[in-house]
Amino acid sequence: MALSLTVDTDRWRAHLDTVVAATPGLVGVVKGNGYGLGRDTLAAEAGRLGLDQIAVGTYAEVPDALAGFDGDVMVLSPWRPFLTDAVDDPRVIHTVGRVEDVAALAADRPGSRVVVEGESSMARHGIDRHHLTDLVDALGDLVVDGVALHLPLTGGHLGEALGWAAAVQTSRLEAETLYVSHLSGEELATFRQRRPEMRVRPRVGTGLWLGDLGGFDVRSTVLDVHPVRRGQRIGYRQRPMPRHGHLVIVSGGTSHGIGLVAPRGAGGAVARGKALAKGGLEAAGFALSPFTITGRQRWYAEPPHMQASMVFLPDGAEVPAVGDTVPVAVRYTTTTFDHLTLS
Ligand SMILES: *Cc1c(COP(=O)(O)O)cnc(C)c1O
């Protein structure tokens, strides 16, 4: 009676083993909702894979990671003096990217382990290359585990990584390890050829945990079914139904992250125009749901509720029974499942 994810464990683990074998130095990223699988599941799996380091997103995620994993835990969010939940532990590696933070951490907690994050073309966090010397001067007794670069998902960024490696080597920063995010396998190989003296450690989440979804099965349970007539008003918003058919009430709603659309950039007007051109339910203000019922993705009868969704099934389609399950398309990084089964 729930939104459930069942994973074919043998197949998933075979994929994880392949990625780890093909990616020397891999740091497993275990953050957020644990890519839909939960951070505890991933931390345990990182242990099974023999990884020596995982990366979490925030300090709030550190205690669980330390409890569920025996190796080092890198925090991807930068350390700041105002953080109230920063965890001190010999296995925790802080990320620093501002001179004032380095000075404060060196004064407060000498001996802490840090990676120095360089500002990449992402422009999210990190030290500007021209200020690297000031940062090195402020390091004091901090222990530098390496330099980190978070690169954009699109485009080639090998040149950027090589440029940073050169900047590190000409600075007085003693770091032999470069942590990188989002370089392709080919780019990593080229980097190693060009900079054999540096150890490159890719930080990987999606490509590891969600790189083979063939053994993932997401199911929602049919909780109720009601026949409806064209024009009949239903739901919180009492919107009229476009045709005769059935309302199918399925488990899974906004509290699970179902039916939430990530913000999009441009193209809103174009998308709306296309919807009008296609006509039908989308033009009438209906939205396509992620639920597949009798072979087709069906339209929401109204926006999803917290724990359930109301889906319209037109006349002519075979009507499911209460208790049946139906497939759901989800975005794993924003979905919370009621049940996870590693089969
Ligand atoms: C989330 C994150 C990653 C992992 O990204 P994926 O696309 O899931 O592999 C790597 N590096 C940083 C800095 C991140 O925040």
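**Close-up views of a predicted model**

**View 1. Lining of the largest cavity.** In this predicted model, the largest cavity is lined by Val30, Arg39, Asp40, Ala43, Val56, Glu61, Asp64 and Ala65. By residue class, this lining divides into 4 nonpolar and 4 charged residues, with no polar ones. Helix H2 (39-48) and helix H3 (62-68) each supply at least two of the lining residues, and the largest share, 3 residues, comes from H2. The space in this cavity amounts to about 40 Å³, and a search of the whole structure finds 1 cavity of 30 Å³ or more.

**View 2. The largest nonpolar core and the surroundings of Phe191.** The largest nonpolar core has 90 residues, and those with the most contacts inside it are Leu37, Leu173, Phe191 and Trp209. Helix H6 (residues 158-170) gives the most to this core, contributing 6 residues. When residues up to four places away in sequence are not counted, Phe191 touches Leu158, Ala161, Leu162, Ala165, Leu178, Met198 and Val200.

**View 3. Thr9 and its contacts.** Thr9 has its place in helix H1 (residues 9-22). With a relative accessible area of 8%, Thr9 counts as buried, because the cut-off for that class is under 20%. The side chain of Thr9 reaches the backbone oxygen of Ser343 at 2.6 Å, and, leaving aside residues up to four places away in sequence, Thr9 touches Leu342 and Ser343.

Definitions and conventions: Residues are numbered from 1 along each chain as its sequence is written. This is a predicted model: local features need pLDDT of at least 70, side-chain atom pairs count only at pLDDT 80 or more; totals for chains, interfaces and linings use all residues. Side-chain values use heavy atoms; hydrogens and water are left out. A nonpolar core is a set of buried Ala, Val, Leu, Ile, Met, Phe, Trp, Tyr and Cys residues joined through side-chain atoms within 4.5 Å. Buried means under 20% relative accessible area, exposed over 50%, partly exposed in between (1.4 Å probe, protein chains only). Helices (H or I, at least four residues) and strands (E, at least two) are DSSP runs, numbered from the N terminus. Contact means heavy atoms within 4.5 Å. A polar contact is a pair of N or O atoms within 3.5 Å; within protein, one must be able to donate a hydrogen and the other to accept it, and residues adjacent in sequence count only if both atoms are side-chain atoms. On a 1 Å grid over the protein atoms alone, a cavity is a set of points where a 1.4 Å probe fits but cannot get out, and a pocket is an open set with protein on both sides within 12 Å along at least five of seven lines; lining residues have an atom within 4 Å of a point. Grid points are joined across faces, edges and corners, and a volume is the space filled by probe spheres set on the points. Ala, Val, Leu, Ile, Met, Phe, Trp, Tyr, Cys and Pro count as nonpolar, Asp, Glu, Lys and Arg as charged, and the others, Gly among them, as polar.
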